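Subject: Structure handover

Hello,

Here is the structure I promised to pass on. Please open it alongside this email.

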Amino acid sequence: MFHNLICTCLFIFSIGLAVAQTNFNQYQTLLSKGSIPKDISLSTPEKIKIAIATDRPELEMKYRKSFYTGIYYSIDELLHSEICVFGDEVTQYVADVAKKILKDDPQTYNELRFYTLKTNETNALSTDQGVIFVTTGLLSQITSEAQLALVLAHEIAHYKRKHVLERFKQKVVMTNPTLYQLSSYSKEKELEADADGLKMYKNAGYPADLVEPTFDVLMYSYLPFDEEKIGELVFNTHEFVVPSYIYPKEKFEITAEENYDDSKSSHPNISKRKGQANKIIEKDHWEGGEAFQLGEERFRMIQRIARFEVVRSGIINGDLTNALYSLTLLEKEEPNSLYLHRMKAKIWLTLAQCKSNGVTKPFDSKKHKEGEIAVLHSMLRKFDKAELATIALRHVYDLQKANPEDQEIQHIYKLMVACAATTKNFSLDRYSKYSLEEGIAKWKKNQDSIAALPKDTLAAKETTNTGSKYDRIKKKRNADQSIDGGDFDSTNYYLYGMYDVISDHAFVELFKDSKTSSEPEKVTTVQNGKEKAPYFKLAAKEKFVLLEPNVVATDVSATSQEIVDQIAIDFPSALTEIGTEKGLTIETDRSPTTLSIEGLNDMAIFKTLLTENETYERINFSPVDFTYLQDIKKETESNIAVIPNILFVDHRRSNPMEIARPALIFWYLPPVALTGALAKLATSKNTFINFIEINLSTGKANETQVLHVTGKPNKLRLGSVFYEIL
Amino acid sequence: MKKLHSLVFLVALCIPSINHAQKPGFYGKKITFQLGIGGHHNTILKLAGIDERNFKNINSPFNKSPYIKSNQFNYSFYGNIGITAWKRAALSLDAQLYFGKKIANIAYYAEDQFGNQYSFNGYGQFSYRSLQITPRLEIFTAGANGPVGLTHILAIGVEIITMKENDFYLIPDNNGGISSPQQLAYPNINKVKPVLIVPTYGLEYRHPLTKSLYLNFGAYAHIHIPIISENSSLLDSGPFFSTYNGSPSTKAAGSRITNLFSARFGLIFAL
């Protein structure tokens, strides 16, 4: 009893600690914690080898090899991606819910491992090996612990029924099938998993009335996690208003149907799934149940974390409308969150920059066609460059005023001003001294006073026109260029409500500086008429942070994987040795030869940054993990981080015909055939190396030229490459 | 000699340009010295080597003599000095000492101690050496970090054949007069030393052992084109020889034509 009491106290304490630990004001993205599981520490070939030796003896060896090769490479692609985390509070929560479901089956629970994927896709996956992935997209959409329990129970049912292996057997002609291919079960299997899952769900003590709403979550998962009219919340500020006539008149109906045609879908339609579930519930005479067995507060915290991640993922992947919509919903509950202020500033900056530079991804017409988010998306698409730049500037200006000490927001503000300064038709002279309301009132008053004048006086004014043609031209040009100098134009509503900004001396100075200074050109060399990024060149004594090399082989043989593992060790060692000889200072603490949590988290952050660079290639974006990068910069006293990218190709495995070709062509001349084949063998191992240089201040990444090395890439050969380029 | 001077001058001209090259050389080491051995295959021997074929066919217990060996494979020693002048190319000067043998159908005339002249026909094996000097252009393939890696060799060499005067074995074709192969002297055998031009294409693979030491594996295709040789048989006072279809040195030059392929293994030292 005493033991139970201690456990209970510790449990409550840990929950309290978990709640207390998530600071939504200074939110930090989910990162992996704790000890590194074998799923991550073991290499893919090692896992395949162990699995082939120990698992599924009933399967023929060649099929076993094919099955595990396909499965493990797919799983590892997810496990080693930047979106996968473990040991964090969300993953722990998912594991705790699974424990509830499997309270009568601890053996199965002990076989399972849980991971969270930071993606806006609403999904959960289970594998034959007992790995269960749950996405933050799913967690942001569900409204109770019970719904999560039902989804998890479904996935656990797939695992227990070995549906992945059965799918493989059906598709036995597939070589190296991917996880997604093997996870697309037949509809019968899906219904089977629904039925089994429902049983586990019920046994765990969850209520029947939350089963149908779970299917609704899946049906409407393509929409944001809430459906609210938020237009004014998004655009309007204290000074600035987007008038109602700017909003679209069309209705963006939500068209999702339960009973859609599922003949081409992997899953049965929602109607069938609900139908089966309701039958089972009726048959079992299900009563009672508790929706939040781990506590509602804990669930709300996890849900909020997932929703914060939705904003982050949206920015990373260019879905800025979803990011802005979701952020506005969250702001209602967390109006003072510094994290949300930063994200908001980023979103507005990126929207304005994308519009100004012709980057179309955030304004994709195929996305967001239904619901309230469609209203927002439609407006963002239709704004012209100056209009969007103005709205963005308004918001970012307000945010930097509200957070004068925050380095990140100040940085974003400078970028925003620079964006405005270079946006077409954006001119400070155009802006009004008045708010929109005042502007309309003023114009109306002017119109009324004109109407009150006698016609003769008006006509006389019009005809009294002294001076030469040139006087008239000068008069016209010197007249007030701002909107206040002319008639009210409803389409130029955005020129009102900006007076405090355009009359801020500091802003004006910054604006003028931004207009006159030019962006430094990317350093490239021209070779054969084509521009190429230069080789990795840093001045002597310049310090840079060397990150873990990204080493990949094109084939999955054990020999190639051994070479890959050895490259991962030799590469940093050779680079450091030659770099030091050349007078460079290389920080290698963040490129550990042994796996560590810090190393994994670092790589996740940098991989995310590379995704952002790909999404926002043509603009000066502000990275989502700006603060993390600044911390690295401060800690290492370096402004540059370098990720080596290495691709190893062994033609003997990937392209054996290439080796045999000389012998086949010159078979009648044996010495030539033999020489050709030997030369091809000698150069069958090819290594392609390039570097990604990341500026820690701006987050911008540049790729260098690709270097090609033939022969076994040992330390000696790699060192010669570095000697050449450093 | 004049040609050699010109070549050295040309190489020396390149040296200033090396300093401006984009870091050529393996770990910046541009100068290489190489020593090694080669194996040569007389590929079309059976087609072109009438004398060799006939020798094999004669009814003599001595045509399988250990003194007279098959001429299909021969060996050589070589050395070269090279300079990696550019990122993708190098120049080198190669010297090769080749050891060859040639079977020829000859007529032998001699006098005995009493002043009586006698003669017979037979097959003789001549031994010879040749010295080949070859300036070479080495072009590194993509992915090679010259001089290490796979390299194309383009060269035109000059070869001079020197017959060995005292290394001649004779087997009479009717076994008359001489009972077993004899080693005989052939004075004036080098009256005219054949000179050949040797255009060559090769592939060499250099495998690095350390920053300064590499192994070299090469395979080559070449044609030996005689440009200077004896035109007619010579008749000297005895003992003397006459070969049908040309003098021994001419025969040796001809036999070089059959050597179309060769291979090498060497050790490279880099500075």
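**Confidence**

This is a predicted model. Chain A has a mean pLDDT of 85. Of its residues, 86% reach 70 or more. In residues 172-177 the pLDDT is below 50. That stretch still has 14 contacts in the model beyond near neighbours in sequence. In residues 520-532 of chain A the pLDDT is also below 50. Here the model has 13 contacts beyond near neighbours in sequence.

**The two chains**

Chain A has 726 residues, and 52% of them count as buried. It holds 32 helices and 13 strands. Take the contacts in chain A between residues at least 6 apart in sequence: 77% of them join residues at least 24 apart.

Chain B has 271 residues, of which 50% count as buried. It contains four helices and 11 strands. Of the chain B contacts with a separation of 6 or more, 75% are between residues 24 or more positions apart.

**Helix H14 of chain A**

H14(A) covers residues 270-284. How does its length check out? At 1.5 Å a residue, its 15 residues should span 21 Å. The end C-alpha atoms are 21 Å apart, so the two agree.

Which residues of H14(A) are buried? They are A:Ile270, A:Arg273, A:Lys274, A:Ala277 and A:Ile281.

What covers the buried residues of H14(A)? The cover includes three helices of chain A: H8 (145-160), H11 (187-203) and H12 (211-219). Just after H14(A) comes A:His285, with a positive phi of about 45°.

**A:Glu408**

A:Glu408 lies in helix H20 of chain A, which runs over residues 407-421. Is A:Glu408 buried or exposed? Its relative accessible area is 3%, under the 20% cut-off, so A:Glu408 counts as buried.

Which residues does A:Glu408 touch, leaving aside neighbours within four places in sequence? Its contacts are A:Arg342, A:Lys346, A:Pro623, A:Val624, A:Phe626 and A:Thr627. For a sense of distance, take A:Ser517, 109 residues from A:Glu408 along the chain. The C-alpha atoms of these two residues are separated by 22 Å.

**Cavities**

How many cavities of 30 Å³ or more does a search of the whole structure find? It finds two. The largest cavity has a volume of about 140 Å³.

The largest cavity is lined by 16 residues. Nearest its centre lie B:Gln96, B:Gln132, B:Thr200, B:His222 and B:Arg264.

Best wishes

Conventions. Residues numbered from 1 in each chain as written. Chains lettered and ligands numbered in written order. Predicted model: local features only at pLDDT ≥ 70, side-chain atom pairs only at ≥ 80, totals over all residues. Heavy atoms only, no water. pLDDT = per-residue confidence, 0-100. Contact = heavy atoms within 4.5 Å. Helix = DSSP H or I, 4+ residues; strand = E, 2+ residues; numbered from the N terminus. Buried < 20%, exposed > 50% of the residue type's maximum accessible area, 1.4 Å probe, protein only. Expected span 1.5 Å × (residues − 1). 1 Å grid on protein atoms, 1.4 Å probe; cavity = no way out; pocket = protein on both sides within 12 Å on 5 of 7 lines; lining within 4 Å. Points joined across faces, edges and corners; volume = space filled by probe spheres on them.
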